[in-house]
Amino acid sequence: MTATFKYIHHACFTVTAGGETLICDPFLDGNPEGITMKDLKVDYIFITHAHGDHLGCAYELAKQCHALIITTAEIAAQAQEKGCEAHAMHLGGTFRFPFGKVRVTPAFHGSGIAGGHACGFIINFHGTAFYFAGDTALYSDMQLLRSLDPFRYALLPIGGNFTMDPHDAAKAACFLKAPVVIPIHYNTWPVITQDPAAFKKEVEAKMPETKVVIVQPGGTMEWD
């Protein structure tokens with residue numbers, strides 16, 4: 001089954017397949033298309049951590065769309081306190097939802113919520129599998145992830161300052177060996193300004209079997 005990936009901006013994107021749509025880290029402020037919460041109809045909301053540029057409008061959107069939030073236990077508890085439906089998971093946890101399997105992966109970053117931990121996800125959504133690293137530093141166990149749950153697409157932050165920079169993210173791409181890598185979390189603010197073309201050149205020089213696809217904010221890509 002094919003899926004449609006739409007990059008909203010920063011670390012926010014949607015994936016649509018099988019008549020359903022998920023959104024990850026729904027921070028909409030300043031997106032180039034001016035998308036607001038009212039423009040979205042989603043079934044699932046994934047949250048990697050509770051910093052404002054990732055949590056965004058998640059709780060309001062969940063109530064608007066009657067969507068299920070999938071996230072770490074601490075954020076899920078907060079979401080439920082605010083009247084949202086949430087499924088709590090944590091690092092290393094896996095669960096099979098009606099759409100497919102989810103694995104929660106480590107992300108080395110602040111949680112934004114007391115007692116929590118930042119995370120990433122490997123998501124199999126109606127047969128299309130991808131890894132969303134979330135905000136993270138480079139770590140060597142990334143090289144194990146595709147052996148645990150195979151995925152074709154990897155979405156990696158390249159902005160630096162708060163996360164991996166392009167050089168560290170290129171090393172992460174080498175660890176992951178995903179066929180397709182998409183850079184995210186860059187150029188939102190001056191402090192994370194980066195050149196994605198330089199990242200593409202570095203990765204593809206080191207890993208000819210990996211293709212880096214630069215999707216501009218507001219752009220879409222068909223996934224298989």
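The model is predicted, so local features need pLDDT of at least 70 and side-chain atom pairs count only at pLDDT 80 or more, while totals for chains, interfaces and linings use all residues. Residues are numbered from 1 along each chain as its sequence is written, and side-chain values use heavy atoms, with hydrogens and water left out.

We begin with the inside. A nonpolar core is a set of buried Ala, Val, Leu, Ile, Met, Phe, Trp, Tyr and Cys residues joined through side-chain atoms within 4.5 Å. Buried means under 20% relative accessible area, exposed means over 50%, and partly exposed lies in between (1.4 Å probe, protein chains only). The largest such core has 33 residues, and F5, F46, F130, I182 and W223 have the most contacts inside it. Strand β9 (residues 119-125) gives the most to this core, namely four residues. Helices (H or I, at least four residues) and strands (E, at least two) are DSSP runs, numbered from the N terminus. There is also a second, separate core of 25 residues, and A50, A58, I75 and A76 are among them.

F130 belongs to strand β10 (residues 128-132). Is F130 buried or exposed? F130 counts as buried because its relative accessibility is 0%. Contact means heavy atoms within 4.5 Å. Leaving aside neighbours within four places in sequence, the contacts of F130 include F13, V15, L22, F121, F151 and W223. F130 and R152 are 22 residues apart in sequence, yet their C-alpha atoms are 5.8 Å apart in space.

Next comes helix α3 (residues 73-81), whose buried residues are I75, A76 and A79. These residues cover an arc of only 100° around the axis, which puts them on the same side of α3; the arc is that of the directions from the helix axis to the C-beta atoms. Their cover includes α1 (52-55), α2 (58-65), β5 (68-72) and β6 (85-89). Just after α3, G83 has a positive phi of about 90°.

On the surface, F162, W189 and V191 form a nonpolar patch with about 270 Å² of accessible area together. Patches are made of residues with over 30% relative accessible area and no salt bridge; like charges are joined within 9 Å, and nonpolar side chains (Val, Leu, Ile, Met, Phe, Trp, Tyr) within 5 Å. Accessible areas come from the Shrake-Rupley method with a 1.4 Å probe, and for residues only the protein chains shown count as cover. F162 sits in the loop between β11 (153-157) and α5 (166-176).

The last topic is charge. A salt bridge is a side-chain nitrogen of Lys or Arg within 4 Å of a carboxyl oxygen of Asp or Glu, and by this rule there are six. One of them joins R103 and D149 (2.5 Å, N to O). R103 lies in strand β8 (residues 100-106) and D149 in the loop between α4 (145-148) and β11, so the pair ties together parts that are 46 residues apart in sequence. Both R103 and D149 are buried. In another salt bridge, the closest N and O atoms of D224 and R152 are 3.0 Å apart. D224 is in the segment after β14 (220-223) and R152 in the loop between α4 and β11, 72 residues apart. D224 is exposed at 52% relative accessible area, and R152 is partly exposed at 35%.
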